[in-house]
Amino acid sequence: MSRRSLDSEDPVEDRDRKAEHIELALEERMQNRERFFDRLRFDHVALPELDRSHIDLSTEFLDKPLRAPLLISCMTGGTEEAARINRNLARAAESTGVALGVGSQRKALEDPSQVSTFQVRDQAPGIPLLANLGAVQLNYGYGIEECRRAVEMIEADALVFHLNALQEAIQPEGQCDFSSLLPKIGTVAAELEVPVIAKEIGCGLDRATGEALVAQGVRILDSAGRGGTSWARIEGARSADASLGDLFGEWGIPTPTAIRELREIPGVTVIGSGGLRTGLHAAKALALGADLVGMAQPFLEPALESPEAVGERIRRILTELEVAMFCLGCRRPSDLRLQPLREVHP
């Protein structure tokens with residue numbers, strides 16, 4: 001991808017936010033410096049009493065089978081580059097049997113010429129596919145009809161509402177009226193024909209917020225905690241105040257903490273995401289209580305190359321997960337919840 005100018009003096013309306021997001025997300029400086037999952041250790045089981053070939057990673061999500069408890073988390077859409085990324089992700093997700101989310105569809109709802117950049121159902125007819133909108137849009141003219149259009153646009157199995165207060169606060173184009181969103185989310189959850197998922201985007205979803213969302217009818221919660229890509233830094237790099245993004249670059253709830261808190265809420269499906277980079281990280285997230293793990297950044301660079309490159313990365317992560325399970329004597333992902341994790345400080 002060619003480097004374009006991120007001069008903060010460029011008029012906001014002349015800048016392609018989605019293209020800038022893709023470009024910046026590939027930079028190492030936009031990643032959180034703390035690696036919370038690397039601090040957690042399993043106790044090795046020297047005699048696992050298990051044939052590795054009998055390990056079964058399969059699960060179910062949104063009433064569809066998955067070959068493994070993995071979601072390629074919502075990333076992008078709305079640009080030519082994003083269209084290629086989404087199609088490569090979709091083809092790889094279908095071939096490996098994992099779930100996929102698309103990026104925020106607001107751009108396509110406002111500009112029909114961008115709809116095709118999100119439409120990947122033809123490439124992934126059998127997997128769970130997630131639509132995506134910012135919850136804050138419910139305070140800026142969006143309602144149930146726009147939510148239905150987002151779902152129908154990509155023939156989605158669920159709608160993700162992303163909660164991104166910090167990103168909006170630093171983003172040059174940010175929309176920061178987050179007041180009275182809970183009942184509006186509840187209205188959509190009650191009226192929409194598919195389930196609603198609530199997720200953060202890197203600052204973590206706490207238990208109190210999770211419980212408030214559950215009270216409004218949301219039953220799937222995505223931790224999206226601190227530990228991976230820092231959207232504060234990304235938006236700071238796009239704005240006239242990069243130091244503000246740096247100040248809040250490590251803001252938020254660490255992903256392991258967020259997963260533990262959400263797991264304590266009865267009756268919810270927990271997606272563990274935020275800084276997961278390997279299959280070993282996935283095993284730790286599942287042990288903490290996640291039903292499914294979400295990853296985005298590990299697949300972005302391969303998605304710029306080909307569906308085969310994405311598929312190779314997925315298979316590598318699943319191999320790492322399987323090896324971890326074998327060395328713990330776990331036949332199914334749910335067995336990992338019985339495994340203790342110790343925190344080791346450097």
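How do the residues of the lining of the largest pocket divide into nonpolar, polar and charged?

Modeller: Happy to! A word on the basis: this is a predicted model, with local features needing pLDDT of at least 70 and side-chain atom pairs counted only at pLDDT 80 or more, while totals for chains, interfaces and linings use all residues. Residues are numbered from 1 along each chain as its sequence is written, and side-chain values use heavy atoms, with hydrogens and water left out.

To your question: the lining divides into 14 nonpolar, 2 polar and 2 charged residues. Here Ala, Val, Leu, Ile, Met, Phe, Trp, Tyr, Cys and Pro count as nonpolar, Asp, Glu, Lys and Arg as charged, and the others, Gly among them, as polar. A pocket is an open set of points on a 1 Å grid over the protein atoms alone, where a 1.4 Å probe fits, with protein on both sides within 12 Å along at least five of seven lines; lining residues have an atom within 4 Å of a point. Volume is the space filled by probe spheres set on the points, which are joined across faces, edges and corners.

The largest pocket holds about 320 Å³ of space. Its lining has 18 residues, and L163, A165, F178, E200 and T209 are the closest to the centre. Two or more lining residues come from each of α5 (165-170), α6 (181-191) and α7 (207-215); helices (H or I, at least four residues) and strands (E, at least two) are DSSP runs, numbered from the N terminus.

The second largest pocket has a volume of about 200 Å³. T59, E60, P69, D291 and L292 are the closest to its centre among 15 lining residues, and strand β2 (residues 59-61) gives the largest share, 3 residues. That lining has 7 nonpolar, 4 polar and 4 charged residues.

Finally, L221 has V270 in β10 as its bridge partner.

Note on methods
Two strands pair if DSSP finds at least two bridges between them.
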